[in-house]
Amino acid sequence: MNPFRYFGGIDFSGAKEPLSNLWSAVGEERDGRLCIVSLCPHPYRADLASFVAEGWRRHANPGPGARVLWGADFPFGLPADAVSALPDLRERSWRAMASWVADRPPDEIRDALPGLGKAPRRTDTGGALAPLDLRLYRQTVEGIRFLWELRDAAEVSIAPVLPREGAETVLIEVYPSGAVKDLGIKGSRVPSRPGEVRARPAAFRPFLSFDHPCMEATACTLEDARDACIACLAAYLCRDDLDQPFRLDRAPRDVVELEGWIYRPPAALGG
């Protein structure tokens, strides 16, 4: 199987469309480093799905058969206890859960699971919010719906919940805020005083570069564009560690395959 040469990052949003805070970044490995070659806003989640499935190729110009690994910033699954509490679920699996969630609006799903708003996934570490937290549940539901619809629209692998051998498009869950801490990237999400934006590119330089100064300026100025680049970087750093949840063995395999897993840079895990 071809190794990954291209990588994507998604800063997701579950807000009402059209959106101003839904961004993607695409990067290419060049001389052993990640170079961002595309940084785009998407007004609708359907636009993003089309971009993830195929549209990114117009920006990166990959050769035939090129594979891409996407890092996406939203929970890929619900806590196991929440899945067990879903009414009329035909089986306790990620596929059954995602199908059920994709047919319902966020408020209906949260109302169907009272008392589980603060319940974390057993696989979560590093300060991530519970998937059904009041601040996150819309993003969680819309994200799972996005994955379910993307799965129907393209041949994708969703690790570790719905892997597909040989898929050219692979998605993993990442957490940009956690990755920033893991990697020691300095600077706040947005400039906090005049002139600060001029110094912010230095924080990126040890980790990645940009194909054009305009993309660098956008990533250094807009929080959502920056997080898309961090998500892309996290995917790049995890490219050889897709078995991470099973290698670390912090939760049983069946739980990992149900709840999902936040992939972290291997160096932060001692791997």
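User: Why does Asp31 count as exposed?

Analyst: Asp31 has a relative accessibility of 82%. By definition, exposed means over 50% relative accessible area, buried means under 20% and partly exposed lies in between, with a 1.4 Å probe and protein chains only. The 82% is over that limit, so Asp31 counts as exposed. This is a predicted model, in which local features need pLDDT of at least 70 and side-chain atom pairs count only at pLDDT 80 or more, while totals for chains, interfaces and linings use all residues. Residues are numbered from 1 along each chain as its sequence is written, and side-chain values use heavy atoms, with hydrogens and water left out.

User: What is the phi of Asp31, and where is Asp31 found?

Analyst: Asp31 has a positive phi of about 55° although it is not a glycine. Asp31 sits in the loop between β2 and β3 (33-41); strands are DSSP runs of E with at least two residues, helices are runs of H or I with at least four, and both are numbered from the N terminus. By these rules the chain has 11 helices and 7 strands.

User: Why does Asp88 count as exposed?

Analyst: Asp88 counts as exposed because its relative accessibility is 78%. Asp88 also has a positive phi, of about 60°, without being a glycine, and is found in the loop between α2 (80-85) and α3 (94-102).

User: Why is Leu233 called buried, and what does Leu233 touch?

Analyst: Leu233 has a relative accessible area of 1%, so this residue is buried. Leu233 belongs to helix α9. Leaving aside residues up to four places away in sequence, Leu233 touches Leu34, Leu183, Ile185, Phe207 and Leu208, where contact means heavy atoms within 4.5 Å. Leu233 and Ala25 are 208 residues apart in sequence, with a C-alpha to C-alpha distance of 9.4 Å.

User: What makes the radius of gyration agree with that of a compact globule?

Analyst: The radius is taken over C-alpha atoms, and the globule rule is 2.2 Å times the number of residues to the power 0.38. For 271 residues a compact globule would have a radius near 18 Å; the chain has 18 Å, which agrees. The C-alpha trace spans about 55 × 45 × 40 Å along its principal axes, and buried residues make up 55% of the chain.

User: Which peptide bonds into Pro18 and Pro160 are described by omega, and where do these prolines lie?

Analyst: The bond from Glu17 to Pro18 is cis, with omega near 0°, and Pro18 lies in the loop between β1 (6-11) and β2 (23-30). The bond from Ala159 to Pro160 is cis as well, with omega near -5°; Pro160 is in the loop between β5 (156-158) and β6 (169-173).

User: What volume does the largest pocket have, and what makes a set of grid points a pocket?

Analyst: The largest pocket has a volume of about 510 Å³. Of its 29 lining residues, the closest to the centre are Phe12, Asp73, Leu129, Leu136 and Gln139. On a 1 Å grid over the protein atoms alone, a pocket is an open set with protein on both sides within 12 Å along at least five of seven lines, a cavity is a set of points where a 1.4 Å probe fits but cannot get out, and lining residues have an atom within 4 Å of a point. Points are joined across faces, edges and corners, and a volume is the space filled by probe spheres set on them.
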